[in-house]
Amino acid sequence: MVSRPEGADRSSSPAEPESRGAVAAAYLFGAVLVFGLGDFLLAIPIQVSDSFGNMLKLSVSWRDTVIGEFTQHAYLRPLLWLQLKAVYELSDGAYYAWFRGTHVLQVAALVALYLHLIRPRQWRDAALVPLGLAVLIGHHAFAGTVKEAFPINTFMTVLLGCFAAAALSLGRYRRWNDPLAVLLFAVAALSVESGLLVIVIFVAGALVGGRGVSRGALVALGLGLVGYFALRFAILDVGGPSLNERASGYGFSLLEPTDLVERFGAHPLPFYVYNVVTSALSVLFGEPRAGLFRLTLGFTLGDPYPALLVTTVACTSATVLMGLFAWRRRAAWRRWALTRDDQLVLLFFAVLAANAVISYPYTKSVIMSPAGGFFALAVFAAARNVLPPAPSSTMVRSVAPLAACAVLSIAWSVRLVGVHVELWVAARDVRTQWAYVHEWIAQQHLDVSAPRSRDLLQALRNDALLTQPAASELKWTVRNWLY
Amino acid sequence: MRATSRIASYILAVPIVTAVVVILVVIVFDRTGLGWWSHDAPRNIAEAAAMGRAAEVVRFLRFGDDPTRILPVRPQIAFPSTTYLTAFEGAVWSRSVQLLRLLEEEGLPLDDAMRGRLACLAVDLERANVAAYLAPAGEIRCEAGAAASEVTARTAAAENDH
């Protein structure tokens with residue numbers, strides 16, 4: 001039951017009327033942000049690793065693509081391949097425009113969904129939108145959704161699916177919501193494993209009072225989840241990841257697969273618990289990253305890396321803000337008398353927990369991108385209620401909260417610029433990879449002798465090296481502080 | 001209350017809005033080559049090779065540049081003053097065997113004479129990895145400093161011409 005307790009939800013403050021101008025300003029800011037980010041995204045050519053190899057597989061027929069994906073035992077990601085195949089065929093050879101354009105459209109859709117979920121209505125909300133969007137784009141878990149593509153970024157697809165699920169769940173009930181919810185779950189879950197989070201959002205959304213999806217649809221989603229596990233484990237025999245597949249951060253060092261097997265092969269539970277806990281901490285505090293306590297190590301060596309320090313200050317200050325909100329709302333939460341902002345914050349906690357659990361086999365920032373996205377929603381909701389600070393009679397009590405606002409805002413503005421710097425560096429690195437692509441092909445033992453493969457290689461290399469303007473190289477001082 | 005609220009709103013919004021404006025300014029300035037935050041783009045294939053910028057080397061090659069042509073390389077890219085180098089010599093300067101291989105594959109295969117001269121330059125410039133690549137058998141007969149002097153003399157001659 002969602003109620004609106006008096007004086008608690010400042011998102012509907014009677015002191016300030018709803019303003020179309022404020023809504024327009026919020027969306028305009030979002031559009032400007034997308035324009036800037038889109039420009040940086042378009043500067044990155046289609047990648048060599050993870051993209052070219054995948055695109056080589058797309059030249060087979062639709063039928064072979066479908067059969068191939070439902071009969072292999074490594075992963076259960078058939079809809080990822082069907083998305084890739086669809087864009088590949090639609091592009092008709094204009095690969096760069098279609099694949100990179102899709103990435104920009106995904107970012108635009110994400111920002112639009114974010115604004116839809118936070119519902120900026122008043123000028124006070126509009127003033128907080130830059131902070132919310134800076135947390136969304138600047139969170140370190142988000143960077144992996146834009147820096148790479150395969151050549152469509154599946155993590156971005158899942159993030160979009162999670163936001164769309166929240167919008168459906170917390171929105172008004174319409175009769176097409178139920179089939180949309182089931183479709184969304186199917187697409188997300190069959191695109192990449194973390195897509196299973198969509199069902200967590202529907203269930204958590206219903207628990208916090210969302211009535212956008214019916215109980216019947218929730219039951220159908222539950223059956224869908226059972227069906228997914230049956231398909232994965234009983235029918236297709238696609239198991240879970242094992243310890244010897246990849247290196248993983250642990251404490252202050254990176255453990256190679258052989259080390260992992262040696263240390264945890266007999267009893268992997270402590271390693272899995274470590275991954276779950278550090279994944280959650282990473283979203284809340286920006287440290288550790290991918291299981292590694294790099295900033296802490298930097299401090300112990302007397303040389304903390306500036307960009308990591310900024311990330312930790314940004315995440316921690318936002319987490320403190322959320323903690324303050326939770327403390328103030330504890331009485332209402334005990335009564336389960338939840339406002340829209342409470343719902344967003346509680347949804348974040350649910351997504352954080354589930355996302356961390358899904359990361360049990362290995363931890364990586366981008367896998368936590370759904371939790372990072374909901375972190376941005378929760379930070380906005382908390383800020384709307386906790387900020388601005390109430391005036392105080394003492395100087396210190398008046399100035400300290402404003403100083404905290406300044407730290408929060410400056411840290412996230414640095415993070416926002418930092419993500420753009422990461423994209424800049426990626427644009428240069430991808431071009432360099434294309435220059436040396438023949439060496440890479442030899443190392444990977446790829447067969448590009450077929451005419452279609454040769455044409456694809458030529459087209460992508462020309463796109464990367466000739467069609468797009470050359471990326472300039474950032475000075476080290478700029479990179480050091482921002483990336 | 002209203003004043004505090006307004007100040008807090010400004011404090012929260014202004015740095016991030018400024019960051020977005022900075023990003024837009026960077027987009028505009030980088031297109032015009034005026035950004036202090038990045039190194040200058042290479043102006044020719046020799047500069048690209050001396051900077052170790054493989055993507056730009058391929059770009060210049062595809063637009064018809066000759067990797068054996070002697071071209072001016074601006075101060076601080078290789079030497080303190082303007083130097084006149086070929087793309088192959090630039091690659092030796094940047095210590096990149098990978099780039100030399102790329103130049104051979106995409107530009108021009110090195111003959112024995114060129115390979116020998118470049119190996120001597122690598123020895124003079126103390127690029128041991130490059131010298132080992134250019135003369136894998138280890139038989140490099142060089143007059144110490146002669147290859148580097150040739151580059152210096154070429155530069156001096158060009159300056160006199162100016």
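Analyst: Chain A holds 22 helices and two strands. Helices here are DSSP runs of H or I with at least four residues, strands are runs of E with at least two, and both are numbered from the N terminus. The model is predicted: local features need pLDDT of at least 70, side-chain atom pairs count only at pLDDT 80 or more, and totals for chains, interfaces and linings use all residues. Residues are numbered from 1 along each chain as its sequence is written, while chains are lettered from A and ligands numbered from 1 in the order in which they are written.

Start with the overall form. The radius of gyration of chain A is 23 Å, close to the 23 Å from the globule rule for 483 residues, so chain A is as compact as a globular protein of that length. That radius is taken over C-alpha atoms, and the globule rule is 2.2 Å times the number of residues to the power 0.38. The C-alpha trace of chain A spans about 75 × 55 × 55 Å along its principal axes. Of the 483 residues in chain A, 47% are buried. Buried means 20 or more other C-beta atoms within 10 Å of the residue's own, with C-beta atoms placed from the backbone; exposed means 12 or fewer, and partly exposed lies in between.

Contacts come next. Two residues are in contact if their C-beta atoms, placed from the backbone, lie within 7 Å. Among contacts in chain A between residues at least 6 apart in sequence, 81% join residues at least 24 apart.

Now the helix packing. Axes are lines fitted to C-alpha atoms, for helices over the stretch in contact, and angles run from 0 to 180 degrees between N-to-C directions. Angles under 35 degrees count as roughly parallel, over 145 as roughly antiparallel, 65 to 115 as roughly perpendicular and the rest as oblique.

Take α9(A) (residues 177-189) and α10(A) (residues 197-207). Their axes come within 8 Å and cross at roughly 150°. The pair is therefore roughly antiparallel. From α9(A), A181(A), L184(A), F185(A), A188(A) and A189(A) meet V198(A), I199(A) and F202(A) of α10(A). This contact has eight nonpolar, no polar and no charged residues. Nonpolar covers Ala, Val, Leu, Ile, Met, Phe, Trp, Tyr, Cys and Pro; charged covers Asp, Glu, Lys and Arg; the others, Gly among them, are polar.

A second pair is α13(A) (residues 269-285) with α17(A) (residues 340-358). Here the axes come within 8 Å and cross at roughly 135°. α13(A) and α17(A) are therefore oblique to each other. On the α13(A) side, V276(A), S279(A), A280(A) and V283(A) meet L352(A), A356(A) and V357(A) of α17(A). The contact has six nonpolar residues, one polar and no charged.

Last, the side towards chain B. There, 38 residues of chain A are in contact with 34 residues of chain B. Four elements of chain A give two or more residues each: α1 (20-42), α6 (123-138), α19 (395-435) and α21 (451-467). α19(A) gives the most, with 14 residues. By class, this side of chain A has 26 nonpolar, seven polar and five charged residues.
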